[in-house]
Amino acid sequence: MQTRRGFLQSTMAAAIASSASGCGWTLGEIKTTPSTRFSSDTLYIYTWAGYTDRDLLERFTQETGLRVVADVFDSNEAMLARIQAGGAGAYSIIYPSEYMVQKMVALGLLAELDHTLIVGLEDLFPKFQNPDYDPNSTYSVPLSWGTTGLIYNSRLLSNSPEDWEDLWTYQDQLNRRLTLLNDVREVMGASLRRLGYSYNSTNPREINQAYQELVKLRGAIASFTTDAWRPQMIVGDLLLAMCYSSDAAEVMPENEDLEYITPVSGSSLWIDTLVIPKSAPNPEGAYQWINFMLRPDIATQIVERLSFATPSLVAYRQLPQELREDPALFPPESVIANSETVSPLPPEITALFDRYWTRLTSG
């Protein structure tokens, strides 16, 4: 099952690998086959597609002398499966999302961070310095964050959406020109939130009710996709798509009619992090990478080039006003206060979600 930030990774990998050819550093011949050869002058990282680019890695290599080999995963679950299958010693930096940090800590996979070796934690927004999913940032450092919401064509859609409820209210108009994420927790979570429940509900009655509401909407949904909505939205084939704020921020410049909102009833607040596995082959290089990514000048470049919101308050203040006021990147505090991070669920509840998801997506 594909989950958040499930890019078309082979396409992305080919594009980045092509741009890196001929350089004195390596972007790891970005691949899904894990790296197995190690060197003290190399940093092996396991990351989402789209989280690095040539300029970023070239600068790190120039400043540290370390080349970077990056393997790419397309879901937190795929990453964890690889690590549990013997890949824990293959990487010095991994990029799990907030709920996966909790799972990896519980499984004993992560090293406690030595904060005396990290520069920049004090630059973070206060809400990121002591997150619920990792108190006192014991095992992880936040790298990027955002919300889940709706991107829509304001010219073609006669009613501008404000909340999840509008998907049901205007489903006749949206008929077959609406896509939802290919992510069980996000889609079920949106339906739960619409009903006034938590994204992380463990109540079987509430979960069943959320599923039944999605069944009513099913006929209007063109597809469940995390990424393929982009070209369709740009050319106007779709009216509305459920998406991640970072993806919306990247796509909206391609069509002036596109707008993004975070539903007023609340949504998910996602955070991607940097962690060091216990068996990291180059922990010294890992701390260099963390410090590099926390630097305000680097963090501002990530926002500008890769369209990810930074958790660094210092970097945020250095951004152009246009970016600071972009609600797709930096939603207002009222939206953040009404959103939740996705938390791990008990196995029996996870199985219940998955059963409903199979029925919904195969119907």
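**A polar contact at tyrosine 99**

In this predicted model, the side chains of tyrosine 99 and glutamate 77 are joined by a polar contact of 2.7 Å (a pair of N or O atoms within 3.5 Å; within protein, one must be able to donate a hydrogen and the other to accept it, and residues adjacent in sequence count only if both atoms are side-chain atoms). Tyrosine 99 lies in helix H4, residues 98-106 (helices, H or I, have at least four residues and strands, E, at least two; both are DSSP runs numbered from the N terminus).

With 12% relative accessibility, tyrosine 99 counts as buried (under 20% relative accessible area, with a 1.4 Å probe and protein chains only). Leaving out residues up to four places away in sequence, tyrosine 99 touches Asn76, Glu77, Val342, Ser343 and Pro344 (contact means heavy atoms within 4.5 Å).

**The annotated binding site**

An unreviewed UniProt entry lists Tyr99, Asp183, Val184, Arg185 and Glu186 under "binding site"; such annotations may be inferred rather than shown by experiment. These residues are spread over 88 residues of sequence, yet they cluster in space, with a largest C-alpha distance of 14.3 Å.

Aspartate 183 is found in the loop between strand E5 (178-180) and helix H8 (184-194). Its relative accessibility is 5%, so aspartate 183 counts as buried.

**Basis of the values**

Residues are numbered from 1 along each chain as its sequence is written, and side-chain values use heavy atoms, with hydrogens and water left out. Local features need pLDDT of at least 70 and side-chain atom pairs count only at pLDDT 80 or more, whereas totals for chains, interfaces and linings use all residues.

Definitions and conventions: Buried < 20%, exposed > 50% of the residue type's maximum accessible area, 1.4 Å probe, protein only.
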